[in-house]
Amino acid sequence: MKIVYHGHSCIQLVTSEGKSLVIDPFLRGNPLAVAKPEDIQADAVLLTHAHMDHLLDAEPIAKANDAPVVAIVELATYMSWKGVKTIGMNMGGTVDLGFAQAKMIQAFHSSGIVLEESQQILYAGMPAGFIVRADGLTILHAGDTALYGDMKMIGERNAIDVAFIPIGDHYTMGPEDALQAAEWYNAKLVIPVHYDSFPVIKQDAESFVAKLANRGLQGKVLAPGESIEL
């Protein structure tokens, strides 16, 4: 499997058969991103929640690739009104995409679509994370979240190969809580996400990875556009 980090919380998984899914595509609005929406080839688009720094480029990518958007049912319904294919699901459920299985797990955050012109906020369901299984590997995307105790249960119930964990603070947990999350998830590899895209979430990701090592955990910092193969 090839894993590409597109910056912020956007990751792309490419299986050994060439099938691909992208999670939380936010490229046009991220000054650190090196890819553009038209560069992304995907067979599915997964959304953890409805904030624009996670779904901004879901519509153009889904339409260009004739790919379904997978999201909690309220957000999936909203995206269907945009004219894209959708698969609505809910917490604890699993969707079989053929080349991968995506299970929705909880996240402690918020989720809504802000309509500036009408000064309204649309309810978009609960925020979530995903556990994706493909190519015999288990990949966890925590979504935007605070620290919560059930992360330990998730780690005990799943042999996680790679965990993507937010470290930015302010809108999500910060580095110290993320260290605890990493211990509880007990993944073979931890990759920090959701940092540096805006000044308020500026963090030292290398320092975070060094602190992981002090706890006996392996971490790796990926620059936007960088990839690893498992």
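Helix axes here are lines fitted to C-alpha atoms over the stretch in contact, and angles run from 0 to 180 degrees between N-to-C directions. Helices are DSSP runs of H or I with at least four residues, strands are runs of E with at least two, and both are numbered from the N terminus. The model is predicted, so local features need pLDDT of at least 70 and side-chain atom pairs count only at pLDDT 80 or more, while totals for chains, interfaces and linings use all residues. Residues are numbered from 1 along each chain as its sequence is written, and side-chain values use heavy atoms, with hydrogens and water left out.

I'll start with the helix pair. Helix α4, residues 150–157, packs against helix α5, residues 175–185, at an angle of about 30°, and their axes are 7 Å apart. On the α4 side, M151, K152, I154 and G155 meet A181, W184 and Y185 of α5; contact means heavy atoms within 4.5 Å. Five residues of that contact are nonpolar, one is polar and one is charged. In this count Ala, Val, Leu, Ile, Met, Phe, Trp, Tyr, Cys and Pro are nonpolar, Asp, Glu, Lys and Arg are charged, and the others, Gly among them, are polar.

Next, V45. This residue sits in strand β4, residues 44–46. V45 is buried, at 0% relative accessible area; buried means under 20%, with a 1.4 Å probe and protein chains only. Beyond its neighbours within four places in sequence, V45 contacts residues including V22, P25, I61 and V70. P25 is 20 residues away in sequence, with a C-alpha to C-alpha separation of 8.0 Å.

Definitions and conventions
Buried < 20%, exposed > 50% of the residue type's maximum accessible area, 1.4 Å probe, protein only.
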